[in-house]
Amino acid sequence: MRAGPEKPLKEFNYHSTALPFGQHVPFTSIAGPTYVTAQFLIQQVAYSLSDRLWTYSPNTYDLDSAAKEWFTSGAKNAYGKTTNVEAMEIRQGAASIALGYVFSKDYDLSKRHLPQSVITSSSTLPYLRAALDQLSLFYGLTNPFVAHVAALDYAGATSQLVADYTTALSLAEDLGFAMLSSSSVYETQHMALFATILAQIIPTIHIYDGVTVGRETTRVIDVLDEAGLYKTYQAVQREVSASGAMTEFVDVQVSNLLKSFNGELGTQYELFEYEGHSSPDAVLVVFGTVESSLASQVARNLAEDGSRIGVLKVRVYRPFVESSFLAALPASVKTLGVLGQVQDHNAVSDSSARSNLYSDVCGAVSFSDKWTVTPEVIDVKYPRETVWDPISVAAAIQVLVKKPLIQIDPSDEPAPQPLRLLSSESVQQYIFWDIDTSNSVNAAAIIGQALAADSASNVTVRKTYDNLLQGGVLKSEIRKSKKEVEAPYAINAADVAYVGEQSLLGLFDVTKSIKAGGKLVIRLPGVKDDDVESKLPVNLRKDISSQAIQLYILDPAAIESIANDPASETYLVQAMFLRVALPTLEKLGLQKLASVNGSFEMLEQMAEVLDNALRVIQVPETWSAAETDEASATLPADMCSTSFTAFDKIETEPPTYLKDWKIPAKGLAFKEAYNTRSSLRPDLSVKTYTVHVQENRRLTPPSYDRNIFHIEFDLGNSGLTYDIGEALGIHAENDPGQVEDFMTFYKLDPSEVVEVPSRDNRDILENRTVLQALMQNVDIFGRPPKRFYEALADFADDPKEANELRTLGGPEGGKEFKRRAEVDTVTYADILLEYPSAHPSFHDIVRIVDPMKRREYSIASCQKVTPTSVALMIVVVNWVDPQGRDRFGQATRYLQKLRPGMPVTVSVKPSVMKLPPKSTQPLIMAGLGTGLAPFRAFVQHRAWEKAQGKEIGAVLLYMGSRHQREEYCYGEEWEAYQDAGVITLLGRAFSRDQPQKIYIQDRMRQTMGEIIQAYLKEEGAFYLCGPTWPVPDVTNVLEDAIARDGKTLGKKVEPRKEIERLKDQLRYVLEVY
């Protein structure tokens, strides 16, 4: 027993990945060798030198967490004042308030020289653009302006966090802003400072990787404190002003500023920086943080092996100083690659799409006389979703050269892995895989901070979250070295890996990131040694054997104190790490851990009983001979980053007031007391109208398997108006018979008043009876997503049913879920019927079942011709499921059953299908099936114009369907319009009326001359409406027409570029689905 009072436990609270080790740091303590993140340093520079700091950060991005803490604590900036940190909303017109502040008549003009700084992400720039545009016009009259932009956005459907440079690159070019980039955390503070200085002459964007480097905690030796930042800021300004360089062109001013900046700090930054072979044949031009850092390292590595390649890093992209760019390029270069980011994979495959950087490089090289033979310039495009590592960067460089850059001789044993930029002798690497609800979720951060206490070591720590897997998965990575570590990519040769949740072994190939002979610790509570094999996937066992990985099992259930206090498991994991990774430093390690979290006594006690929980597993030889499981052979080695924080699993249901009829009744009866106002559906974002069916007739024969019908609505006094090409939104209802059957099965009272989400905005609640809700609001016969199975599992009383539902909602049930969705086409109602023990109340049903959505159809009429009606052309969607049940598309079934006089709720949606501005411009229209609908409106409008005495252009109408006899929809109308001289050419393609199939593109090719005349000579507009499959073939016809016309005129044209130009002019319009 130790005498003396018990020491209080040191508590570790992790706040944000944007902070060093997730911890807040006092503003005054930032200096010298210290641990930081790039995002933290940027906040320090902006806070130190700004009059006001405007931040636009989504809650989970935490771009301004440190600055807000300093502001709250009253920390003083370089001017002896507390910097006002204005955390602003992200919306259209954002930054207008900042603009209003600096142009306000009450603004203190003595502060006009002080920088105004913005911290934001590239995803927010479109919302700031309007204000930034105004700023660029009046820049000489306002404060210096600098925006520190984290290259950060979500990539569409994948929800992956991506480093987005394209948005900022385009904005800087359009608005004339300066733009520069940091290529590592080690220069982030310097570049943030230089950007602030550069803002004295031109509005400036400082961009940096916001996904990886911006969040990685690492040690930087030469961090300037607030006084050092201000001293450098003033010194550079004085030197440049004294030299008169501020009167030069902007290009010269930027160069002079950087020269003075280097002189003050003793650095060697250049506008463009070359790395690699002294006489390269090929050079890759790069821009961006991770791109520049990794490409430089790879180039040096390959050049040391004799490869004649190099990398040119673009530090200052705008202004693009061509003379400096050309001077930095070695004269020996024959091929220039431009590693240019584009929006997505479609832009990569589109040969007409170019990266921003490519145009600048091409322009500089094309007009230079530096080379006798101008180097070839190749646009090496990559989408925003690209996650770079040494091998992928080498692959980008490989595009420029024929000889393989990485050559492995199989006879050379043991052979080092190619492009291993970090030496395993000098760098130790550790990985922690876990779920974000684990009791040891912060163990890696605590260990990293404890290791960083050794002043002779450099430690980096990074956290990655994927909130779309298992409710939240977390990977923490630690690197430790005597030297600086610059490795902005995932660990691929860990000394030790820890897996805190067995199910993760089925989601990731954890052995791919462990070096041969490394150590793997798997947490398996309550599992005996004899049962370990059955708990591990066969491929994992095989890899453990083949890579000679040492396997450990951690069993927290074997420790009695953890059973009593599960939160103490974090101390077990920390002690385990020291025992496995650093056995000779265990005693010292416990002391350092105690300085961060807990107490030495507690950690020491856990270390004493560690042997009860930590066991070495002898790997049987039979594991190496196990047959590979193909299903798990393709597991990813890394996770996709979807967030910077764990998903908040405690969902607070918003307060509701309308769950029964009494409250709205009181509001209507006592309007003054309840402040009730009468208004026609102010909650809906879409304006709706009530129209009545005027006509509903089938266009195809009753015996034909496809029911295409024409339905027309009388507008009456609804006030509905529509333009050519717009779509009509149908607010359909569920089938009454199905609804009645469901209410009977579920034992629901049709007249009960319930609160349900609006079908147009689920955040808006409305009162309906159960019957009304099921008819008009709740998509109970729609297709359920995975999250429905997961949510329904919580209501299942039967453990077997609950387990099945959770499996279907998880990754392991993906195959069965897909079969149910695509083959069985099950509905929400089907699932509720299948799992009777899962019986949520109706109030819960409306919460977990999606609201019904309106369906939109292209309008098939022109209001100038039929002012009191609107028409649609619809095909009924129906099929038979594997159980022999007839299934129907909800909206088309609803429309098919409507009879004249019945009311329908509709809305109008704008469309890209607009007529050209001149009536004399020809129309070339291609419609497949019901894709003809908008063209009926087009032709009606042209007929109306002709009847008004206007001159009209040619009308070429191409239509495609299976059979003329059954699907020649509106055929008599088309022929009548042709006879009247409205339709010039009628190209009918009935694919199955002859032995060889004839498609719409074939009819177009047969009339190539007419297309050239109407489309190119007479500046017509082309429209395609219908399914997506004919788009490439139809576009090829147009490209051939462009090429043929160019050849006739003796002009060199690029058809794909010409199509893009026509698209911009709204003369190439697609509405496909």
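Predicted model: local features only at pLDDT ≥ 70, side-chain atom pairs only at ≥ 80, totals over all residues.

**Helix α1**
- Helix α1 covers residues 38-49, and its 12 residues should span 16 Å at 1.5 Å a residue, which agrees with the 17 Å between its end C-alpha atoms.
- Because 12 of the 12 residues of α1 are buried, this helix is largely enclosed by the rest of the structure.

**Helices α25 and α26**
- Helix α25 (residues 786-793) packs against helix α26 (residues 799-809) with the axes 7 Å apart and at an angle of about 155 degrees, and α25 is therefore roughly antiparallel to α26.
- The two helices, α25 and α26, cross in a left-handed sense.
- On the α25 side the contact involves K786, Y789, E790, L792 and A793, which meet A802, L805, R806, L808 and G809 of α26; by class, these residues comprise 6 nonpolar, 1 polar and 3 charged.

**Helices α31 and α33**
- The axes of helix α31 (residues 933-947) and helix α33 (residues 971-979) come within 11 Å and cross at roughly 30 degrees, so that α31 and α33 are roughly parallel to each other.
- The crossing in which α31 passes α33 is left-handed.
- Helix α31 contributes F935, R936, V939, Q940 and A943 to the contact, while α33 contributes E973, W974 and Y977; the residues of this contact divide into 5 nonpolar, 1 polar and 2 charged.

Notes. Residues numbered from 1 in each chain as written. Heavy atoms only, no water. Axes fitted to C-alpha atoms, helices over the stretch in contact; angles between N-to-C directions. Helix = DSSP H or I, 4+ residues; strand = E, 2+ residues; numbered from the N terminus. Parallel < 35°, antiparallel > 145°, perpendicular 65-115°, else oblique. Left-handed = near helix turned anticlockwise from the far one by under 90°. Contact = heavy atoms within 4.5 Å. Nonpolar A, V, L, I, M, F, W, Y, C, P; charged D, E, K, R; others polar. Expected span 1.5 Å × (residues − 1). Buried < 20%, exposed > 50% of the residue type's maximum accessible area, 1.4 Å probe, protein only.
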